[in-house]
Amino acid sequence: MGWRGARFVLLAALGLAGCASFWLSGGLPLLKISPATFGSRIIEQRSAIVWPGEQRVLEMVLDIHGGTMTVIGLTFGARLFSFDYDGEKIVETQPLPSGLSARRIVNDLLLIYAPLDALRVALPADWTVHEEQGGRQVFFDGALNISIHYDEGAKWQGRTVLDNHALHYQLTLDSREAEDDAP
């Protein structure tokens, strides 16, 4: 294979890698919604993530104050990962384990908890969201991409189930609002 053939193979591989990255991310870029829209709160969650052939269960704490949401992942009481999200970017303060994505976690949390108007503004073109009592549905180019179901009560309390139909995973959050001991 000559130089031109090798160059074609390299360009094709890079193109496929770019497509794979697009599909693995579900095509949804990091949403930009200020955590300040949530008000100040601390949420304790038990998270179960199920996708074909694998399941992970971990505890998470969401500490939302001012314009920052800090997400701390725990397993057996030990810190597994942590990162901050300021509405624009994610800064990992302790790296996530393989198979978990801070961007995916942030987007899922924003899809679940963001006020509807803020979510509609943040979604890119071709993405829409519909909400009715007990849930949300997120569509990409008219096709149902994500379904969210809230148990009765406030979104921050109780069980929420997010089904990502495009990426074939389910996230179940059992949440409760913790007492904020900050002065």
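This is a predicted model: local features need pLDDT of at least 70, side-chain atom pairs count only at pLDDT 80 or more; totals for chains, interfaces and linings use all residues.
Helices (H or I, at least four residues) and strands (E, at least two) are DSSP runs here, numbered from the N terminus. Residues are numbered from 1 along each chain as its sequence is written, and side-chain values use heavy atoms, with hydrogens and water left out.

**Nonpolar core**

- A nonpolar core is a set of buried Ala, Val, Leu, Ile, Met, Phe, Trp, Tyr and Cys residues joined through side-chain atoms within 4.5 Å; buried means under 20% relative accessible area, exposed over 50%, and partly exposed in between (1.4 Å probe, protein chains only).
- The largest such core has 41 residues, and Val71, Phe81 and Leu111 touch the most other members.
- Helix H2 (residues 102-113) gives the most to this core, with eight residues.
- Leaving aside residues up to four places away in sequence, Val71 touches Met60, Val61, Leu62, Phe81, Ser82, Phe83, Ile105 and Leu109 (contact means heavy atoms within 4.5 Å).

**Largest pocket**

- On a 1 Å grid over the protein atoms alone, a pocket is an open set of points where a 1.4 Å probe fits, with protein on both sides within 12 Å along at least five of seven lines; lining residues have an atom within 4 Å of a point.
- The largest pocket holds about 500 Å³ of space, a volume being the space filled by probe spheres set on the points, which are joined across faces, edges and corners.
- Its lining has 20 residues, of which Gly99, Leu100, Ser101, Arg104 and Tyr169 lie nearest the centre.
- Strand E1 (41-51), strand E2 (54-65), H2 and strand E10 (169-178) each supply at least two lining residues, and H2 gives the most, with five.

**Salt bridges**

- A salt bridge is a side-chain nitrogen of Lys or Arg within 4 Å of a carboxyl oxygen of Asp or Glu, and the count comes to eight.
- Lys89 pairs with Asp86, with the closest N and O atoms 2.9 Å apart; Lys89 is partly exposed at 47%, and Asp86 is partly exposed at 30%.
- Arg159 and Asp174 meet in a salt bridge at 2.7 Å, N to O; Arg159 lies in strand E9 and Asp174 in strand E10, so the pair ties together parts that are 15 residues apart in sequence.
- Salt bridges that share partners also join Glu131, Arg136 and Lys155 into one network.
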